[in-house]
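Subject: Structure handover

Hello,

Here is the structure I said I would pass on. My notes on one of its sheets follow below it.

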Amino acid sequence: MQRYSSLLKKMGALTGALVLGGAVLSSPPAQAVDYGYKFLREGTTYQDRFAGQTSWNPAVGGAARITIDLSEQRAYFYKGGRLAGVSPVSTGMAGHRTPTGNFRISEKKVNHRSNLYGHYVSRRGYVLRSNVDVRRDRRPPGAVFRGASMDFMMRINGAITMHAGRVPGYPASHGCIRLPWHMAKIFFSHASVGTKVSVVP
């Protein structure tokens with residue numbers, strides 16, 4: 001009886017190994033997932049990463065104005081001269097510094113994609129080459145370019161925009177101003193075309 005039980009355990013282990021091996025061998029390459037979609041799937045789990053770093057007071061009213069502080073990596077949203085909201089940001093990394101100065105929002109778009117940065121993907125949506133710059137990186141045969149998602153985009157200076165994106169706690173963008181998804185949505189909702197945006201060192 002003990003020999004039979006031991007044999008069953010060995011067979012079970014072998015079957016498990018074969019199933020696991022089959023799963024590994026048949027696993028498809030990574031599929032492109034948009035930032036906004038990832039946030040929505042993770043829900044508050046992602047939002048909780050910024051607990052204590054963000055704030056919004058819906059009771060504050062008045063004309064909107066935004067200040068981006070590059071040294072602090074923070075965005076300040078004012079209404080009527082009073083602080084209404086604060087959010088961490090990720091601005092341009094070395095070689096792609098976010099320009100300083102006084103600007104105005106010239107365009108807003110809820111769903112926007114970069115025409116320069118993104119991934120080369122297969123026709124079925126699987127990533128063939130990630131984090132590419134179309135001006136420098138050659139497209140693999142049969143691949144299509146899928147621009148990086150830039151939800152709640154607000155253009156302030158040419159190609160420089162504010163939008164939802166990865167905010168790791170340091171400058172990491174190609175010049176744009178990234179905000180956590182939930183704060184990008186709030187800023188987008190309360191700013192309008194023409195809103196003043198100051199970017200300070």
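Please keep in mind that this is a predicted model. I started with the pairing of strand E3, residues 74-79, with E4. These two strands run antiparallel to each other and are joined by six bridges. Within that pairing, Ala75 has Ser87 of E4 as its bridge partner. E3 and E4 form a hairpin with two residues between the strands, and there Gly80 takes a positive phi near 60°.

E4 itself covers residues 82-88. Five of its seven residues are buried, so the strand counts as mostly covered, with buried taken as under 20% relative accessible area.

E4 also pairs with strand E1, residues 55-56. This pairing is antiparallel too, over two bridges. Ser55 has Val86 as its bridge partner in E4, and Trp56 stands opposite Gly85 of E4.

Both pairings belong to an open sheet of six strands with mixed pairing, in the order E1-E4-E3-E2-E13-E5.

Regards

Note on methods: Residues numbered from 1 in each chain as written. Predicted model: local features only at pLDDT ≥ 70, side-chain atom pairs only at ≥ 80, totals over all residues. Heavy atoms only, no water. Buried < 20%, exposed > 50% of the residue type's maximum accessible area, 1.4 Å probe, protein only. Helix = DSSP H or I, 4+ residues; strand = E, 2+ residues; numbered from the N terminus. Pairing = 2+ DSSP bridges.
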